[in-house]
Amino acid sequence: MNDPLTSEKHVVAAIQPPAWADADAMAATAMRRVRRRRVVIRAAGAAAAVLAVAGGVALAQPRQEPELPGASAPVVQPVASPDADVPAGWSAYEFGGLRFAVPSDWIEHDSIGVNGEPGTLWTDETITEQFQLEVGTEPGWAGPPEDTEEWDVPGAERTALYRYDNQTGVAANLEVERADGYFYQAVVAAPSQEALDTILAGLRRTLSVSTDPADVEELFGSTDELPVVELPSGLPGGWRVQEVDGLEFGIPAGGEYDGPHTDSGDSTSSTWFDDAGKREIWVTYWAEGRDALAVPDADSGAGTFPLDGADYVTLGSVTDEDGSRETVITVRRADGGTYQVRVVDPKGAGTDLALQVAGTLALR
Amino acid sequence: MTAAATAVDGVSVVVRATTEQEFTEFARHSMPVLYRIAYLLCGDEHRAHDLTQLALERTFRAWPRVRDGSPFAYARRALVTSRIDAWRRTRRDVLREPETFDRADEVREPAVHERDRLVRALAQLPPRQRRVVVLRYLLDRSEQETAEDLGISRGTVKSTASRGLANLRTVLGTTDEEPQR
């Protein structure tokens with residue numbers, strides 16, 4: 001077999017982390033950041049727990065209107081059993097379009113999304129058996145494909161289960177994929193194989209997925225609740241109009257424009273850099289842009305603006321350590337497909353390039 | 001993952017590592033390889049460090065699910081797909097322009113020169129081609145493994161790898177024939 005990059009592989013093998021990169025410190029940082037985030041998420045989720053636990057009548061409670069996008073506390077809704085498959089002594093619930101049942105004496109602790117996703121955690125009284133559920137827009141990692149078993153869950157695109165031993169007993173990862181690109185990821189844990197089998201059997205009998213995207217999308221807030229950003233209108237003088245897969249956008253005079261080109265079978269992109277290499281515009285289109293659906297966190301300062309033909313538009317910025325600002329504009333076509341426009345402005349730029357670009361966007 | 005045996009009054013006691021110990025041990029073993037991948041993707045040691053840190057964080061978030069499976073595979077996937085996650089980034093990870101690399105390194109030792117020559121060449125590939133070439137050819141991942149790491153189809157890996165390799169050769173100025181793999 002002819003190896004095309006033999007000499008380059010020797011180069012790769014010699015790449016080592018710099019001396020200042022300390023694995024122990026990086027591990028400690030990772031654990032600290034994740035745990036801090038969990039604390040924040042738990043605190044936010046406590047309101048949902050109160051709603052669900054108070055009298056066990058969350059169904060009768062009016063749904064709390066979220067104050068800010070992404071800040072809404074997901075609510076687990078008890079549901080009437082759709083059929084006789086709920087085991088005796090179990091109760092059925094619905095969370096983000098996923099129906100499931102757990103033993104009636106289990107407790108909902110709070111909403112825990114370890115990656116910021118909405119979620120819910122149910123355990124027995126002693127917290128030795130648990131069902132932890134999260135909802136996300138990215139596929140997870142149920143387990144090695146060769147060791148997973150497929151379940152047939154009504155309404156689901158695909159369901160995979162992976163069993164394994166953990167430190168306190170046995171567990172299983174469950175990943176349920178919706179047809180609209182959302183994923184439910186759950187961890188089921190129990191002290192014994194028999195107990196795990198019982199829980200899994202009950203879940204398998206009761207799991208079902210709604211086909212209405214609104215059921216899951218409501219967990220992620222709505223762009224309707226984002227502040228509307230005022231944009232300059234029209235094409236600034238000297239600008240040119242370019243297009244990537246149906247999205248027209250303006251780029252300033254000069255600079256280097258490259259594209260559009262197909263990155264792979266599922267995305268198209270183009271780039272523009274100004275002559276000084278300071279300002280950048282990146283435009284990417286995904287025919288199936290599932291990861292664009294989550295509404296930004298409330299503290300991100302994100303906004304939205306009207307765009308004909310789009311059913312989802314967000315605009316948000318982050319400032320780099322060097323003072324430059326990166327703005328991400330996400331646009332989903334009402335007829336499918338998602339665009340991401342990333343604009344980088346150097347520190348101290350006199351005009352807001354991102355807003356100028358946003359003002360030129362048009363869907364064909 | 002880890003168990004330590006100790007003897008107490010002649011009785012062997014197996015003490016399982018704490019989550020902190022497990023994850024730290026995982027980081028020690030995986031960080032150099034994750035950093036290597038990150039460096040190939042971004043061409044800058046500080047950003048490579050940040051990407052590696054991000055991958056470790058995401059892995060720790062998923063630790064209860066991945067600890068007994070393949071946490072390194074999860075971390076690698078988190079790393080090579082982290083650019084997609086625009087909202088959660090704390091700093092931009094846009095590549096340095098190839099022209100901004102320090103040309104003075106051409107007078108440094110050959111290994112450093114070759115490393116930076118490769119990174120400069122990779123930086124000129126579109127992002128997806130770069131990821132596929134790094135995983136497929138420089139890290140010897142199979143087409144299927146590359147597809148799983150990047151969350152794309154095997155066919156996409158095949159076509160992207162072909163174009164990426166051709167582009168990389170053009171940039172590197174090599175003329176090897178495309179391999180039949």
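1. Start with a pair of facing residues in chain A. Ala172(A) stands opposite Val188(A) in strand S10(A). This comes from a predicted model. Keep that in mind for every point below.

2. Which strands carry this pair? Strand S9 of chain A covers residues 169-177, and strand S10 of chain A covers residues 183-190. Eight bridges join S9(A) to S10(A), and the two run antiparallel. Together S9(A) and S10(A) make a hairpin, with five residues between them. Look in that turn for Gly181(A), which has a positive phi of about 100°.

3. Is S9(A) enclosed or open? Seven of its nine residues are buried, so S9(A) is largely enclosed by the rest of the structure.

4. Now move along chain A to an open sheet. This sheet has three strands, in the order S12-S13-S20 (chain A), and the pairing is antiparallel. Strands S12 (240-244) and S20 (362-363) of chain A stand at the edges. Each has a single partner strand, so one side of each is left without a neighbour in the sheet.

5. Strand S13 of chain A spans residues 247-251, and two bridges join it to S20(A). These strands run antiparallel. Which residue of S20(A) is the bridge partner of Leu247(A)? The partner is Leu363(A).

6. Arg364(A) lies in the segment after S20 of chain A. Is Arg364(A) buried or exposed? Arg364(A) has 9 C-beta neighbours inside 10 Å, so it counts as exposed. Setting aside neighbours within four places in sequence, Arg364(A) is in contact with Gly246(A) and Glu248(A). Take Glu248(A): it is 116 residues from Arg364(A) in sequence, yet 7.2 Å away in space, C-alpha to C-alpha.

7. Turn to chain B. This chain has eight helices and two strands. Along the sequence the pattern reads β-β-α-α-α-α-α-α-α-α. Chain B has 181 residues, and 45% of them count as buried. Consider its contacts with a separation of 6 or more: residues 24 or more positions apart account for 51% of them.

8. Two helices of chain B deserve a look as a pair. General point: two packed helices are described by the angle between their axes and the distance between the axes. Helix H1 (residues 19-42) and helix H4 (residues 71-80) of chain B have axes that come within 10 Å and cross at roughly 30°. The crossing of H1(B) and H4(B) is right-handed. Which residues meet there? From H1(B) come Phe26(B), Ser30(B), Leu34(B), Ile37(B) and Ala38(B). On the H4(B) side they meet residues including Phe72(B), Ala75(B) and Leu79(B).

9. Finish with helix H8 of chain B, residues 154-172. H8(B) has 19 residues and reaches 26 Å from its first C-alpha to its last, close to the 27 Å expected at 1.5 Å a residue. The buried residues of H8(B) are Thr156(B), Val157(B), Thr160(B), Ala161(B), Gly164(B), Leu165(B) and Leu168(B). Why do they line one face? Seen down the axis of H8(B), the buried residues fall within an arc of 145°, so they line one face of the helix. An α-helix has 3.6 residues a turn, so residues three or four places apart point the same way. On the other side of H8(B), Gly155(B) and Thr170(B) are exposed. Just after H8(B), Gly173(B) takes a positive phi of about 80°.

Methods
Residues are numbered from 1 along each chain as its sequence is written. Chains are lettered from A and ligands numbered from 1 in the order in which they are written. This is a predicted model: local features need pLDDT of at least 70, side-chain atom pairs count only at pLDDT 80 or more; totals for chains, interfaces and linings use all residues. Two strands pair if DSSP finds at least two bridges between them. Helices (H or I, at least four residues) and strands (E, at least two) are DSSP runs, numbered from the N terminus. A residue is buried if 20 or more other C-beta atoms lie within 10 Å of its own, exposed if 12 or fewer, and partly exposed in between; C-beta atoms are placed from the backbone. Two residues are in contact if their C-beta atoms, placed from the backbone, lie within 7 Å. The expected span of a helix is 1.5 Å times one less than its number of residues. The arc is that of the directions from the helix axis to the C-beta atoms. Axes are lines fitted to C-alpha atoms, for helices over the stretch in contact, and angles run from 0 to 180 degrees between N-to-C directions. A crossing is left-handed if the near helix is turned anticlockwise from the far one by less than a right angle, and right-handed if clockwise.
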